Amino acid sequence: MEDQLDVQKNTRNHAGRKYFWGGMFSGLLLALFLMRVVYASMGLQKYLETRSADNQANAGKQDDSAGAPGQAASEELLQKMQLVEAIIDRYFYQEDTDKQAMIDGALKGMVNSLGDPYSEYYTAQELADVLDDIQGIYYGIGAYVQMDTDMGLGFISGVIEGAPASEVDIREGDYIYAVDGVEAYGKTLTEVVAMIKGPEGSKVTITFIRQGQYVDVEVERRQVESPTVNSEMYEGGMAYIQITEFDEATIDQFADAMAVARGSEMKGLILDLRSNPGGSLNAVVEIARQMLPEGMIVYTEDRAGNRREYKCDGDRKLEVPMVVLVNGNSASASEILAGAIKDYGIGRLLGTTTFGKGIVQQPISLGDGSAVKLTISSYFTPNGINIHGTGIEPDEVCEFDGERYYSDEKYDNQLERAKEVLAEMIKGQN
């Protein structure tokens with residue numbers, strides 16, 4: 001490039017000679033470079049062949065499956081990875097390289113290449129953190145985070161009442177642009193959550209994108225206990241049960257809330273699934289069995305067409321009117337429950353269209369504390385509808401009035417409308 005730029009600066013009379021000598025010089029450099037690469041590759045290949053011969057000498061009998069296409073591809077991949085490792089060991093300018101980080105990076109890259117934002121490789125530490133979250137206790141800010149796959153950013157889908165996030169100006173719908181100055185764009189949901197977590201008592205500054213503006217919010221990390229079910233009774237015999245996510249602990253918490261509601265002579269139920277990101281398939285199925293009539297709850301199909309059905313015996317069918325609150329952050333397991341309620345016609349959905357995640361993930365242990373979480377199947381509502389990418393339309397659209405809610409009033413217009421609708425349903429039943 002330098003030779004070409006110099007040619008453009010000189011007069012046309014000298015152009016031919018400049019190109020000639022520049023081309024010859026560039027050609028010599030290229031030839032020397034290629035010779036160096038070939039020499040290096042030959043040396044490294046010889047090194048690898050020596051190491052491979054040593055390994056084979058100690059390997060005992062040859063495997064009967066040797067020569068199979070799958071094994072050949074695996075051996076070629078392994079040899080290529082060893083070659084790259086050897087090149088790094090010999091030529092990388094820093095001597096202290098983290099071999100485990102290299103391995104983890106390669107494994108993460110394999111899973112990321114699938115192009116599925118819900119499939120991930122977990123290191124042993126990352127998997128331990130996920131398991132801690134499932135138990136409902138962790139050190140963080142007390143906010144639910146989901147991933148906007150189109151934008152490549154995580155966003156706040158809900159805030160736990162009484163948690164640090166509820167004490168500062170963090171709002172549902174805030175996009176997480178950076179954490180302590182480190183950009184969060186393109187990172188996985190697990191990586192974004194890990195950036196926000198930290199030692200108890202430490203502080204973290206999160207840069208949000210809110211209505212086109214950057215907003216910095218500092219918040220203290222504390223131990224957060226996140227109950228997944230909240231409930232209370234309103235006037236007129238209306239019970240309110242909110243499910244914030246579906247963990248294994250949610251099953252008993254919901255059963256307790258329903259027992260209290262039925263014992264309080266509940267005449268109608270408001271089930272709040274807004275901003276519920278989903279969770280355990282087993283948990284949502286067990287909760288559905290406490291409300292739905294006899295029949296299908298949900299079924300899944302894998303890529304081979306194998307079908308697995310989850311059914312309800314109807315012994316605990318809800319006998320009172322119900323309104324279900326949903327919004328654009330109601331996803332996955334919450335959509336399974338909302339979809340079944342809508343298909344059976346036992347409740348009225350109110351709010352906005354749900355997120356639209358109709359696929360199932362399963363973590364698969366790798367035996368050393370790490371794991372791979374893969375999307376393994378699609379799920380379908382009782383009427384055979386897969387809502388992936390489309391979501392569930394509510395029976396009544398009611399947009400959330402965020403300006404009014406985030407003022408001093410904390411007025412929840414969707415909840416108030418749900419009370420009105422349920423009161424009319426109860427009146428119509430009498």
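I began at Thr352, which sits in the loop between strand 16 and strand 17 (359-365). I am working on a predicted model.

Next I listed what Thr352 touches beyond its neighbours within four places in sequence. The contacts are Val326, Asn327, Gly328, Ile392, Pro394, Cys398 and Glu399. I looked at Gly328 again for polar atoms. Its backbone nitrogen lies 3.4 Å from a polar atom of the Thr352 side chain.

**Helix 9**

I checked the length of helix 9 (residues 333-344). At 1.5 Å a residue, its 12 residues should span 16 Å. I find the end C-alpha atoms 17 Å apart, which agrees.

Then I turned to burial. Of the 12 residues in helix 9, 9 are buried, so the rest of the structure largely encloses this helix. I noted the buried stretch as Ala333, Ser334, Glu335, Ile336, Leu337, Ala338, Gly339, Ala340 and Ile341. What covers these buried residues? I found that the cover includes helix 8 (281-288) and strand 12 (268-272). It also includes strand 13 (295-301), strand 15 (322-326), strand 16 (348-351) and strand 18 (371-380). Just past the helix, I noted that Gly345 has a positive phi of about 70°.

**Salt bridges**

How many salt bridges does the structure hold? I have 18 on record. I followed up some of them.

I looked at Asp89 and Lys99, whose side chains meet in a salt bridge at 2.5 Å, N to O. Asp89 is in helix 3 (residues 69-91) and Lys99 in helix 4 (residues 99-112), so this pair ties together parts 10 residues apart in sequence. Asp89 is partly exposed at 46% relative accessibility. Lys99 is partly exposed too, at 33%.

I moved on to Glu126 and Lys108. Their salt bridge has its closest N and O atoms 3.0 Å apart. Glu126 lies in helix 5 (residues 124-135) and Lys108 in helix 4, so the link joins parts 18 residues apart in sequence. I find both Glu126 and Lys108 buried.

I then took Glu396 with Arg417, a salt bridge with closest N and O atoms 2.7 Å apart. Glu396 belongs to strand 19 (residues 396-397) and Arg417 to helix 11 (residues 413-429), so the pair ties together parts 21 residues apart in sequence. Glu396 is buried, at 16% relative accessible area. Arg417 is partly exposed, at 25%.

I also noted a network. Salt bridges link Asp169, Arg171, Asp174 and Arg210.

**Rings**

I count 7 aromatic pairs in the structure. Phe92 is partly exposed at 39%, whereas Tyr93 is exposed at 67%.

I looked up Phe155 and Tyr175 next. This pair is tilted, with 5.7 Å centre to centre and 50° between the planes. Phe155 is in strand 4 (residues 153-159) and Tyr175 in strand 5 (residues 175-179), so the pair ties together parts 20 residues apart in sequence. Phe155 is buried, at 6% relative accessibility.

I marked Phe400, Tyr405 and Tyr406 as one aromatic cluster.

Last, I checked for charges over rings. Lys357 lies over the face of Tyr118, 4.7 Å from the ring centre. Lys419 lies over the face of Tyr234, at 4.0 Å from the ring centre.

Note on methods: Residues numbered from 1 in each chain as written. Predicted model: local features only at pLDDT ≥ 70, side-chain atom pairs only at ≥ 80, totals over all residues. Heavy atoms only, no water. Helix = DSSP H or I, 4+ residues; strand = E, 2+ residues; numbered from the N terminus. Expected span 1.5 Å × (residues − 1). Buried < 20%, exposed > 50% of the residue type's maximum accessible area, 1.4 Å probe, protein only. Contact = heavy atoms within 4.5 Å. Polar contact = N/O pair within 3.5 Å; in protein donor to acceptor, adjacent residues only side chain to side chain. Salt bridge = Lys/Arg side-chain N within 4 Å of Asp/Glu carboxyl O. Phe/Tyr/Trp six-rings, centres within 6.5 Å; stacked < 30°, edge-to-face > 60°. Lys NZ or Arg CZ within 6 Å of the ring centre and 35° of its normal.
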